[in-house]
Amino acid sequence: MDLTVRAAELDAADPLARLRAEFDLPPGTVYLDGNSLGAPPRRVADQMGRVVREQWGGRLIRSWSEGWWEAPQRVGERIAPLIGAVPGQVVVADSTSVNIFKALVAAVRLAPGRREILVDAATFPTDGYIASSVAELTGTVLRAVDVDELPTALGERTAVALLNHVDYRTGRLHDMAAVTELVHAAGARVVWDLCHSVGVLPIALDALGVDLAVGCTYKFLNGGPGAPAFLYVRRDLQETFDQPLSGWGGHREPFAMAPDYVPAEGVERARCGTPDILSLLALESALEVWDGVALADVRAKGLSLTGFFIECVDELLPPGTVEVLTPRDERRGHQVSLRHEAAEAVMTELIKREVIGDFRAPNVLRFGFAPLYVTYADALHAARVLADIVTTA
Ligand SMILES: *Cc1c(COP(=O)(O)O)cnc(C)c1O
């Protein structure tokens with residue numbers, strides 16, 4: 001059947017179609033980079049105006065005791081259902097990089113005698129950089145391993161494995177259940193980086209017994225540029241979760257101004273300093289868009305959208321012009337990565353023509369499909385513009 005007709009039919013049958021109107025996107029732009037910076041939900045601009053005028057302006061410093069101080073936990077509770085966590089296990093604070101540091105040091109401290117940290121060899125760079133510092137600071141050894149080689153790499157030396165749920169470059173999705181089980185069978189802890197999977201598919205941290213997890217909120221969660229990240233600490237680990245950034249924000253009685261650090265009892269101990277309230281409250285407002293949205297629908301549409309885009313690429317591009325790096329089966333997130341020798345120039349041209357994806361060195365074109373606001377018509381249009389560029393360039 002004609003791709004145009006297919007796209008129209010798929011859009012007409014899309015149970016999430018109404019959500020696009022919640023987002024502020026420039027007309028005529030096809031935005032396929034929500035895996036780097038999610039688009040702004042319309043409500044955020046109004047809410048930020050109110051926060052600045054009424055809370056910061058109207059209530060001034062009183063706002064700290066009128067909801068600001070607890071915002072890291074309160075916003076954490078909004079993320080919890082998206083990652084399969086019962087209340088009391090998530091805080092929103094600091095960046096993903098900083099939370100990886102807290103989580104890894106805490107994990108090493110939970111495993112005295114175990115002297116090795118394993119990191120996903122294909123990891124997003126910051127995870128590897130931070131893991132390297134943690135190894136140096138804790139006197140452990142860092143080893144990069146392919147996720148497929150974990151069964152042989154894990155052992156009695158392993159303290160913790162830091163893994164990306166979805167590979168940022170290829171879009172490959174790892175089997176969280178199987179891998180978590182493997183790591184636990186070796187007596188080690190797992191830290192999952194959910195940056196490219198939160199808001200993409202149902203995640204079941206509690207059910208799978210995951211130890212610790214971190215993730216960004218400015219990608220598929222649309223929290224805004226630099227919105228603070230989240231950190232999940234499984235309930236039964238909280239009492240022994242000994243994170244190294246002992247700022248007053250994680251103190252049991254922050255306003256007692258005591259000379260010594262005593263960590264808070266719950267997940268609040270994962271906090272550090274004063275929260276960035278404006279970003280946190282922008283995120284809180286952005287998360288309201290998820291109310292009533294079933295993650296199963298998000299997942300189904302994401303798979304279908306990425307599958308449809310791959311099909312359009314197969315059909316519209318001459319054979320051999322690009323290589324699809326993203327798995328064609330269901331082991332993928334909501335991005336499609338294509339290898340092309342002149343990927344950087346191709347992406348520059350795509351962006352000039354208002355099809356916004358991104359380029360990852362050395363030769364990867366990356367297209368993110370955020371099911372809340374991307375349509376099948378968008379996917380088809382992007383493939384058509386791409387076909388035009390690679391055949392006429
Ligand atoms: C985007 C991303 C990060 C970003 O970390 P920041 O501290 O927010 O810069 C980290 N890890 C992964 C896997 C990512 O995709």
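1. Asn 222 is buried, with a relative accessible area of 3%. The model is predicted, and the points below should be read with that in mind. Asn 222 belongs to the loop that joins strand E7 (212–215) to E8. Leaving out residues up to four places away in sequence, its contacts are Phe 23, Gly 38, Ala 39, Pro 41, Thr 217, Ala 286, Leu 372 and Tyr 373.

2. Gly 209 is another loop residue to check. Its loop runs between helix H8 (205–208) and E7. The relative accessibility of Gly 209 is 18%, so it counts as buried, the cut-off being under 20%. Not counting residues up to four places away in sequence, Gly 209 touches Thr 180, His 184 and Arg 234. Gly 209 and Ser 285 are 76 residues apart in sequence, and their C-alpha atoms are 30 Å apart in space.

3. Now helix H3. The helix spans residues 71–79, and its buried residues are Ala 71, Pro 72, Gln 73, Val 75, Gly 76 and Ile 79. What covers them? The cover includes strand E2 (90–92), strand E8 (230–233) and helix H9 (277–287).

4. Apart from neighbours within four places in sequence, Gln 73 is in contact with Val 90, Val 91, Glu 268 and Arg 271. With Arg 271 there is a polar contact, side chain to side chain, at 2.8 Å. Pro 318 is 245 residues from Gln 73 along the chain, and 51 Å separates their C-alpha atoms.

5. Next, the ligand. It sits in the largest pocket. Which residues come nearest? Of the 13 residues around the ligand, these are Ser 97, Asp 193, His 196, Tyr 218 and Lys 219. Helix H4 (96–109) supplies at least two residues of the shell, and so does helix H5 (125–138).

6. Ser 97 places a polar side-chain atom 2.6 Å from a ligand oxygen. For Asp 193, a polar side-chain atom lies 2.9 Å from a ligand nitrogen. On its own the ligand has 390 Å² of accessible area, and the protein covers 87% of that.

7. Backbone geometry comes next. Most residues other than glycine have a negative phi, and most peptide bonds are trans. The peptide bond from Ala 361 to Pro 362 is cis, with omega near 0°. Pro 362 lies in the loop between strand E12 (358–360) and strand E13 (364–368).

8. Asp 94 has a positive phi, near 60°, and is not a glycine. Its loop connects E2 with H4. Is Asp 94 buried or partly exposed? Its relative accessible area is 27%, so Asp 94 is partly exposed.

9. Glu 354 also has a positive phi, of about 65°, without being a glycine. Where is Glu 354 found? The residue is in the loop between helix H11 (343–352) and strand E11 (355–356). Glu 354 is partly exposed, at 36% relative accessible area.

Terms used: Residues are numbered from 1 along each chain as its sequence is written. This is a predicted model: local features need pLDDT of at least 70, side-chain atom pairs count only at pLDDT 80 or more; totals for chains, interfaces and linings use all residues. Side-chain values use heavy atoms; hydrogens and water are left out. Buried means under 20% relative accessible area, exposed over 50%, partly exposed in between (1.4 Å probe, protein chains only). Helices (H or I, at least four residues) and strands (E, at least two) are DSSP runs, numbered from the N terminus. Contact means heavy atoms within 4.5 Å. A residue is near a molecule or strand if one of its heavy atoms lies within 4 Å of it. A polar contact is a pair of N or O atoms within 3.5 Å; within protein, one must be able to donate a hydrogen and the other to accept it, and residues adjacent in sequence count only if both atoms are side-chain atoms. Accessible areas come from the Shrake-Rupley method with a 1.4 Å probe; for residues, only the protein chains shown count as cover. On a 1 Å grid over the protein atoms alone, a cavity is a set of points where a 1.4 Å probe fits but cannot get out, and a pocket is an open set with protein on both sides within 12 Å along at least five of seven lines; lining residues have an atom within 4 Å of a point. A molecule sits in a cavity or pocket if more than half of its atoms lie within 2 Å of its grid points.
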